[in-house]
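Dear colleague,

I am handing over the structure below, and my notes on what was found in it follow directly after.

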Amino acid sequence: MEKPWAELSWQEKREQRFKRWLSPPGVKFASPKAEKVYKERVTRFYKAFTGQVPDRVPCMLPTGFYAAAYAGTNLGTVMYDYEDMKRAWRKVLHDFEADAYVPPTLVPPGRSLDAIDYKLYKWPGHGLSKTTLSYQAVEGEWMKPNEYDDLIRDPSDFWLRTYLPRVFGAFKAFSSLSSWTAFEEIPSTAFMSFGNPEVQAGFNAIMKAGTESLKWFGAVVEVINESLYMGFPGVMSGLAKAPFDTLGDTLRGTQGVMMDMFQRPQKVHEAMERIMPIAIKGAIDAVATAAAPIIIMPLHKGADSFMSLKQYETFYWPTFKKVVMAQVNEGIIPILFAEGSYNKRLDIIGDFPKGSVVWYFDQTDIYEAKKKIGDKLCIMGNVPSSLIMTGTPKQVKERCKQLIEVCGKGGGYVLAAGANVDEGNPENLRAMMAAAVEYGAY
Amino acid sequence: MAQDFINLLADLKEEEVIALTKKRLADKEDPLKIMEDARKGMEIVGKRFAGGEYFLPELVFSGELLTQVTNIVKPHLTGSGAKVKKLGKVVIGTVAGDIHDIGLNIVEFMLDVNGYEVTNLGVDVPVEKFVQAMKDTKAPVLGLSGFLTPAFDAMKETVEALEKAGLRKNMKIMIGGGQMDDEVRKYAKADAFGKDAMAAVTLTNGWYGKK
């Protein structure tokens, strides 16, 4: 008899999730060959991610929004024109040999953002010039310093009635809503705030955003399905954040959270403890229905240039580590994407069970990282995006060769770029893949 | 008391600094002297940042302390007072299409505490605005900031526009931020790449012939 899920070890849970990734329910492959290469690719990534020796070094092409420029359109257009989005992403799917496929999931539906009047980001044609290649976050104090207690008491209520009214223009009147927990026993006055026409307009706006995002997702899923049928696995199923980043990126802003480290450190800690279980639940939910048991965690404000090692150990690491370990214990593989550089963190970031997590490096000295944590954990990265965008295919290939030779030794390495590349010579991407094939075999 | 004040500010002791600022004013000290001491305290903060002892949080917090001190002292300042002599002018800004300013503001801070008169053009700065600012200020040093990969082209276009306007030969251009490196420096035809805010100071000092 099978053991209940709760009694499985983390490795057993991960093994079960791997089997699901290997044979995703409902996927009909285009041919036996497509199925065969799909399974080879999944196994290649799985082995590398878990610190083992695969058949060869896997390669993740950094094609975040690259498809848009490559197909002669741009992000500002495909955010609104889903047919054009499909066309662009299918073009990359069919034109590039790759180990995995990056679907257009990160291209947000423009009309949904418009409907709710989103203020946390600017995007092409909306605060940025129409031809800008990416969207960008707006730094701001979206939560005030005196609101920590509100957040800590009830994060969801804080989100609905304080935070969202600031970042969703359409929810401005939600600050006057009564709390949902006011509905207790037989309600009477608790209904009243929902009668406010401005509040109702807010609900209408998010319903419109929802309808629109379903249309968008229909197009996204078409591309994902096609890539799976052709035998290209998706690698990342969801995103999770370190609690310090949620506080620093989304709520207090960089400036705000840094002031709080001095002026109200205890509140910062309490808030992160409160955010932590929410981040964990989000990650676990994200892989529940997905094929790949993999969550990417883009790490922002713990980089070398943002804080000292002592501050990192005090403020960033403890709750971040708990979010990571909770995923590991559920059989999830978290990819920890250290944006910027993590050179001064290398002595502590290896503190995870062998083969349990992946460290993905942007500008960190990856050779040093290989020495310090490479025998224990998978490392990934870090072909410079600048080289891919401005260099020659020969230079790119040479750099990949070096990376493979040093970091690939003994397995546990994935060839990838330091950051996504939004435009540039397609031959440079092909050179990356060619290097993996040519030099990466074990 | 002046030395205490300078050290307390450099050590980021918020309550003590504020209390002492008020006490010095109550003791009828020259408000200009207090501001001069505040500047000295910030200079130490800058040195500690450059030396790797302080990081971004300390820089941000010291800026907040300086604002608080200035707000307390300001009403007591009479007349304009003698302006501190600056070493020279530098123009900085984040290039078109990029709205990131954390690094940009650190560079402004570090150049300022090291004695330069900084014109910070802010973020998403169109090419023409850079050209105009270089004409207006006649600054011999320009710093271009960018976080994302699309900034590569914006930097290149900015440098080319300065060439076209005939201004390029009179100035040194440095770049920095996020995904920038020496490859990008070559691509954009800038004079130097700096990996952090201290590098911006070192480069500027070099171009101004100051050690």
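The centres of domain 1 of chain A and domain 2 of chain A, taken over C-alpha atoms, are separated by 26 Å. Domain 1 covers 5–109 + 232–439 and domain 2 covers 110–231, with bounds that come from an automatic or database domain assignment. This is a predicted model, in which local features need pLDDT of at least 70, side-chain atom pairs count only at pLDDT 80 or more, and totals for chains, interfaces and linings use all residues. Residues are numbered from 1 along each chain as its sequence is written, while chains are lettered from A and ligands numbered from 1 in the order in which they are written.

Where the two domains of chain A meet, 47 residues of domain 1 and 38 residues of domain 2 take part, a contact being a pair of residues whose C-beta atoms, placed from the backbone, lie within 7 Å.

Between the chains, the contact takes 28 residues from chain A and 20 residues from chain B. On the side of chain A that touches chain B, α11(A) gives the largest share, six residues, where helices (H or I, at least four residues) and strands (E, at least two) are DSSP runs, numbered from the N terminus.

Chain A also holds an open sheet of three strands in the order β2-β1-β3, with mixed pairing, two strands being paired if DSSP finds at least two bridges between them. Because β2 (127–128) and β3 (136–137) of chain A stand at the edges with a single partner strand each, one side of each is left without a neighbour in the sheet. Strand β1 (residues 121–124) of chain A pairs with β2(A) in the parallel sense over two bridges.

With best regards
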